Amino acid sequence: MSEVANKPAIEFDDVSLRFISQDGNATVALRNFSMAAAKGEFIAIVGPTGCGKSTTLNMITGLLKPTVGQVRVMGGTVAGIDPRIGFVFQADAVFPWRSVLDNVAAGPMFRGMAKAQAHELARDWIARVGLGKFGQHYPHQLSGGMRKRVALAQTFINKPEILLMDEPFSALDMQTRTLMQDELLSLWGQSGGSVVFVTHDIEEAIALADRVFVLSARPARLKQVYQIDLPRPRVMAEVRYDPRFIELSKQIWNDLRDEAVLH
Ligand SMILES: Nc1ncnc2c1ncn2[C@@H]1O[C@H](COP(=O)(O)OP(=O)(O)OP(=O)(O)O)[C@@H](O)[C@H]1O
């Protein structure tokens, strides 16, 4: 293996980040934070509200720079928009005036693929996320869960090596959410990419991830890392009844309860 192939997909090396607001006040969002995510690994980040979870994702994209320390992606410093990184956030990133097909084809076309070829590829991805009959529909004609499927197809079509997800399913009802989590695991399992998934939902974190990073209240430090040794493939509706799942969720709840009491 080459030098680069051995590097972690994402690396935070003793990172601190301080925001200075217009009135000169400083907010330390992250302090002495170190972590590494391997290629193909699924990481979930949980922590109290406002501790710095989204800030962490913004540093991976290069939108925010650490005040101290280094963030590396595939062994290199983050510089500008990186086509290897994909995102799915809570708000849908679909273009309302474009059909599902045109939404999903947008990424490849932006990268220079011919329209006919991009549409063919998009049709394949639309079918994979179970929306085969909805290619000509517009986002407002779809349910929230269907729009999330569009967002997943729109992202996975670009074959991201790193996928950043910030509470992507939190606006969905429980049942749709469970379906989308299964969908995500299936797409991720075939992709070989790394995922960093930010969520408030401890059970979602455990059910999806290889490792769960628990952050402390602000300024966020890495409080605990849990290796989630539940076997894969996991089925969302079943995994939550596994005794090991219940044990892990109790431990993480305790970690977070301590943080809430302290602040
Ligand atoms: N651009 C900014 N300028 C000043 N402060 C900021 C800025 N961005 C974030 N912060 C502060 O940094 C802290 C961390 O914010 P962040 O959004 O990362 O938290 P979070 O853990 O994702 O929150 P939540 O769980 O509520 O989504 C917050 O206190 C926030 O107010």
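Modeller: Helices here are DSSP runs of H or I with at least four residues, strands are runs of E with at least two, and both are numbered from the N terminus. Keep in mind that this is a predicted model, where local features need pLDDT of at least 70 and side-chain atom pairs count only at pLDDT 80 or more, while totals for chains, interfaces and linings use all residues. Residues are numbered from 1 along each chain as its sequence is written.

Colleague: Which feature does UniProt place at residues 10-242?

Modeller: The unreviewed UniProt entry has "domain: ABC transporter" there. UniProt positions are given in the numbering used here, feature names are shortened, and annotations may be inferred rather than shown by experiment.

Colleague: And how many helices and strands does the protein have?

Modeller: Nine helices and ten strands.

Colleague: What about the radius of gyration?

Modeller: The protein has 19 Å, which agrees with the value near 18 Å that a compact globule of 263 residues would have. That radius is taken over C-alpha atoms, and the globule rule is 2.2 Å times the number of residues to the power 0.38. Along the principal axes, the C-alpha atoms fill a box of roughly 55 × 45 × 45 Å.

Colleague: OK, sheets. What is the order of the four strands in the open sheet?

Modeller: β2-β1-β4-β5, with antiparallel pairing. Two strands pair if DSSP finds at least two bridges between them. At the edges are β2 (26-37) and β5 (76-77), each pairing on one side only.

Colleague: How many bridges join β1 to β4?

Modeller: Five, between residues 10-20 of β1 and residues 68-73 of β4. One partner pair to look at is D13 with Q70 in β4. On the β2 side, β1 pairs over eight bridges, also antiparallel, and L17 stands opposite L30 there. The hairpin of β1 and β2 has five residues between the strands, and G24 takes a positive phi near 90 degrees in that hairpin.

Colleague: Moving on to the ligand, which residues are closest?

Modeller: F19, A29, K53, S54 and T55 are the closest of the 13 residues that surround the ligand. A residue counts as near if its C-beta atom, placed from the backbone, lies within 6 Å of the molecule. The largest share of that shell, three residues, comes from α2.

Colleague: What classes are in the shell?

Modeller: Three nonpolar, eight polar and two charged residues. Ala, Val, Leu, Ile, Met, Phe, Trp, Tyr, Cys and Pro count as nonpolar, Asp, Glu, Lys and Arg as charged, and the others, Gly among them, as polar.

Colleague: Back to sheets, then: what is the order in the sheet of six strands?

Modeller: This open sheet runs β6-β7-β8-β3-β9-β10, with mixed pairing. β6 (85-89) and β10 (222-227) each have a single partner strand, so one side of each is left without a neighbour in the sheet.

Colleague: In what sense do β7 and β8 pair?

Modeller: Parallel, over five bridges, using residues 162-166 of β7 and residues 194-198 of β8. M165 stands opposite F197 in β8.
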